[in-house]
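Reader: I would like to go through this model and ask, for each label you attach to it, what value stands behind that label. Could you show the structure and then take my questions in turn?

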Amino acid sequence: MSRGGVRRRPNRRSAWPRAAVLVLALPLAAAGAERTITLPSDDPSARLADGPGAQETRNACGVCHSLDYIGTQPRGGAAQWQAVVTKMIKVFGAPITDEDAKAIVEYLATRYGPAR
């Protein structure tokens, strides 16, 4: 008996939690093996027009959404595209550097600017 006449149970640890960790960890370890996947080719509407800034736009914008999203936006000048890029950075947390943002805005205003 322990203090105060209260009987305590012996401190036994179950082997179950350790076994569960081992069973759960094995598939995760196997998942660390190198694998490759082949993505389907882009839909033609998701191909950006060539030009200076196209690669920066593909890299930055394609991380979060399909590139066909760009072509569905209203055509606009540099001020409109600057607002869109700023929104993507400040509201949605797009990881775009100032240098890339400038190149992207110039590219979008040139290739996806107002219809002439």
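Predicted model: local features only at pLDDT ≥ 70, side-chain atom pairs only at ≥ 80, totals over all residues.

Reader: How do you know that the side chains of arginine 58 and aspartate 50 form a salt bridge?

Author: The N to O distance between the two side chains is 3.7 Å, and the rule asks for a side-chain nitrogen of Lys or Arg within 4 Å of a carboxyl oxygen of Asp or Glu, so the pair of arginine 58 and aspartate 50 qualifies as a salt bridge.

Reader: How many salt bridges does the rule give?

Author: The count comes to one salt bridge.

Reader: What is the order of elements along the chain?

Author: Read along the sequence, the pattern is α-α-α-α-α, with five helices and zero strands.

Reader: What makes the length of H5 close to the expected one?

Author: Helix H5, residues 98-111, holds 14 residues and spans 20 Å from its first C-alpha to its last, and the expected span at 1.5 Å a residue is likewise given as 20 Å.

Reader: Which residues of H5 are buried, and what covers them?

Author: The buried residues of H5 are Ala101, Ala103, Ile104, Val105, Tyr107, Leu108 and Ala109, and their cover includes helix H2 (54-61), helix H3 (68-71) and helix H4 (78-90).

Reader: What share of the chain is buried?

Author: Of the 116 residues in the chain, 22% are buried. The accessible surface of the chain amounts to about 9500 Å², and 56% of that surface belongs to carbon and sulfur atoms.

Reader: Where does the lining of the largest pocket come from?

Author: The largest pocket has a volume of about 170 Å³, and among the 15 residues that line it, Cys61, His65, Ile70, Val84 and Met88 are the closest to its centre. Helices H2, H3 and H4 each supply at least two residues of the lining, and the largest share, five residues, comes from H4.

Reader: Why is methionine 88 called buried?

Author: Methionine 88, which lies in helix H4, has a relative accessibility of 18%; because buried means under 20%, methionine 88 counts as buried. Leaving aside neighbours within four places in sequence, methionine 88 is in contact with Gly93 and Ala94, while the C-alpha atoms of methionine 88 and cysteine 61, 27 residues apart along the chain, are separated by 8.8 Å.

Reader: What makes glutamine 80 partly exposed?

Author: The relative accessible area of glutamine 80, a residue of helix H4, is 29%, and since the class runs between 20% and 50%, glutamine 80 is partly exposed.

Reader: Why does proline 114 count as partly exposed?

Author: Proline 114 sits in the segment after H5 with a relative accessible area of 47%, and because exposed would need over 50% while buried would need under 20%, proline 114 is partly exposed. Proline 114 touches Arg75, Gly76 and Gly77, again not counting residues up to four places away in sequence, and its C-alpha is 8.4 Å from that of proline 74, 40 residues apart along the chain.

Definitions and conventions:
Residues numbered from 1 in each chain as written. Heavy atoms only, no water. Helix = DSSP H or I, 4+ residues; strand = E, 2+ residues; numbered from the N terminus. Expected span 1.5 Å × (residues − 1). Buried < 20%, exposed > 50% of the residue type's maximum accessible area, 1.4 Å probe, protein only. Contact = heavy atoms within 4.5 Å. Areas by Shrake-Rupley, 256 points an atom, 1.4 Å probe, with all protein chains shown as cover. 1 Å grid on protein atoms, 1.4 Å probe; cavity = no way out; pocket = protein on both sides within 12 Å on 5 of 7 lines; lining within 4 Å. Points joined across faces, edges and corners; volume = space filled by probe spheres on them.
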